[in-house]
Amino acid sequence: MFSSTDPCWAEFLTQTISEFGCTTGTLHRHDPADRHLKLVAQKGIPEALMPIIQSIPVGKGIAGVAAERQEPVEMCNLQTDTSNVARTGAKQTQVQGTLAVPVMDGVRLCGTLGIGKLVPYDFTAEEIERLMHAARSIAAKLLPA
């Protein structure tokens, strides 16, 4: 069984990013004790943002909103988005098209999975479902036993 510190999480994230033609990604584990998403793996995130993305409150930022709503959150262009969903520093990633989905084990929130492109992009319904499927496939393994 995987643990939240298993190096295979980085491999899973890298493969997922590649499958979607993306350049960045994050995988967070939900910690119900403090209702934060704890970073498990990342790729392409600027070093300056690492302290910010280590622990994200549910309901804050793209990943936090996906966790809170328990549904995908997509932005065609993070750089020009005015919805106030993205946190202030998120634009530093230079990501434009972004998609974050909750990692769900049935009705239990296990974390979030996010991917991003450096160009404006609308993810298709099929792509969103594929990322949701990938998230569901790891849900039970993401949380500690």
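**Exercise 1. Find the residues with the most contacts inside the largest nonpolar core, and say how many residues this core has.**

Step 1: Start with the terms. A nonpolar core is a set of buried Ala, Val, Leu, Ile, Met, Phe, Trp, Tyr and Cys residues joined through side-chain atoms within 4.5 Å. Buried means under 20% relative accessible area, exposed over 50%, and partly exposed in between (1.4 Å probe, protein chains only).

Step 2: The largest such core has 25 residues, and those with the most contacts inside it are Trp9, Leu27, Val103, Leu113 and Ile115.

Step 3: Two or more residues each come from helix H1 (8-19), S2, strand S5 (98-105), strand S6 (108-116) and helix H4 (125-142). Helices (H or I, at least four residues) and strands (E, at least two) are DSSP runs, numbered from the N terminus. H4 gives the largest share of this core, 8 residues.

Step 4: Another core, of 12 residues, lies apart from it; among them are Leu37, Leu39, Ile53 and Ile56.

A note on the model: it is predicted, so local features need pLDDT of at least 70 and side-chain atom pairs count only at pLDDT 80 or more, while totals for chains, interfaces and linings use all residues. Residues are numbered from 1 along each chain as its sequence is written, and side-chain values use heavy atoms, with hydrogens and water left out.

**Exercise 2. Locate Arg35 and describe its phi.**

Step 1: Look in the loop between strand S1 (24-31) and strand S2 (36-43), where Arg35 lies.

Step 2: Arg35 is not a glycine, yet its phi is positive, about 55°. Most residues other than glycine have a negative phi.

Step 3: Arg35 counts as partly exposed because its relative accessibility is 46%.
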